[in-house]
Amino acid sequence: MLNGADGVVFVADSQKHKLEENIKSLRELAVNITKQNKKFQEFPIILQYNKRDVPNALPVATLDKYLNGMGWQRYEAVATTGVGIFDTLKAISKLVISRL
């Protein structure tokens, strides 16, 4: 899935009951990037915290604590309304271009 990828937007579901699934997916991403002979710590990644509009959304600080140990740029989003989507796209585009 990552063959030829120059960067990744990791979209995390902000709902409390999805936290463990998000953590597992992020670990799998790290493994897959490493399998591509790339350094996970150096690979361009942007986090997008989606579903910020739902009542059971975790605070951003909590999501950062569990998902953003690398200090990546992160954006809040509501995909159904488009909030944060363009900002995320601009950020990953700039990050990838800066590394080419």
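## Close-up views of salt bridges and helix packing

**View 1. K18 and E21 form a salt bridge, with their closest N and O atoms 3.4 Å apart.** A salt bridge here is a side-chain nitrogen of Lys or Arg within 4 Å of a carboxyl oxygen of Asp or Glu. The model is predicted: local features need pLDDT of at least 70 and side-chain atom pairs count only at pLDDT 80 or more, while totals for chains, interfaces and linings use all residues. Residues are numbered from 1 along each chain as its sequence is written, and side-chain values use heavy atoms, without hydrogens or water. K18 is partly exposed at 24% relative accessibility. E21 is partly exposed at 48%. Buried means under 20% relative accessible area, exposed over 50%, and partly exposed in between (1.4 Å probe, protein chains only).

**View 2. K51 and D13 are joined by a salt bridge of 3.0 Å, N to O.** K51 sits in the loop between strand 2 and helix 2 (60-67) and D13 in strand 1, so the pair ties together parts 38 residues apart in sequence. Helices (H or I, at least four residues) and strands (E, at least two) are DSSP runs, numbered from the N terminus. D13 is buried, at 12% relative accessible area. K51 is partly exposed, at 32%.

**View 3. The side chains of K39 and E42 meet in a salt bridge.** The N to O distance is 4.0 Å. K39 is exposed, with a relative accessible area of 56%. The salt-bridge count for the model is five.

**View 4. Helix 1 (residues 19-35) packs on helix 2 at about 35°, with the axes 10 Å apart.** Axes are lines fitted to C-alpha atoms, for helices over the stretch in contact; angles run from 0 to 180 degrees between N-to-C directions. The crossing of helix 1 and helix 2 is right-handed. Helix 1 contributes L19, N22, I23 and L26 to the contact, and helix 2 contributes L63, Y66 and L67. Contact means heavy atoms within 4.5 Å. A crossing is right-handed if the near helix is turned clockwise from the far one by less than a right angle, and left-handed if anticlockwise.

**View 5. N22 lies in helix 1.** This residue is buried, with a relative accessible area of 6%. N22 touches F10, A12, D13 and L67, leaving aside residues up to four places away in sequence.

**View 6. V60, L63, D64 and L67 are the buried residues of helix 2.** They cover an arc of only 100° around the axis, which puts them on the same side of helix 2. The arc is that of the directions from the helix axis to the C-beta atoms. A61 and K65 are exposed on the other side of helix 2. The buried residues pack against strand 1, helix 1, strand 2 and strand 3.

**View 7. T88, A91, I92, L95 and V96 are the buried residues of helix 3.** Seen down the axis of helix 3, these residues fall within an arc of 125°, so they line one face. An α-helix has 3.6 residues a turn, so residues three or four places apart point the same way. F86, K94, I97 and S98 are exposed on the other side of helix 3. The buried residues of helix 3 pack against strand 1 (8-13), strand 2 (45-50) and strand 3 (74-76).

**View 8. The end C-alpha atoms of helix 3 (residues 85-99) are 22 Å apart.** At 1.5 Å a residue, the 15 residues should span 21 Å, which agrees. The expected span is 1.5 Å times one less than the number of residues.
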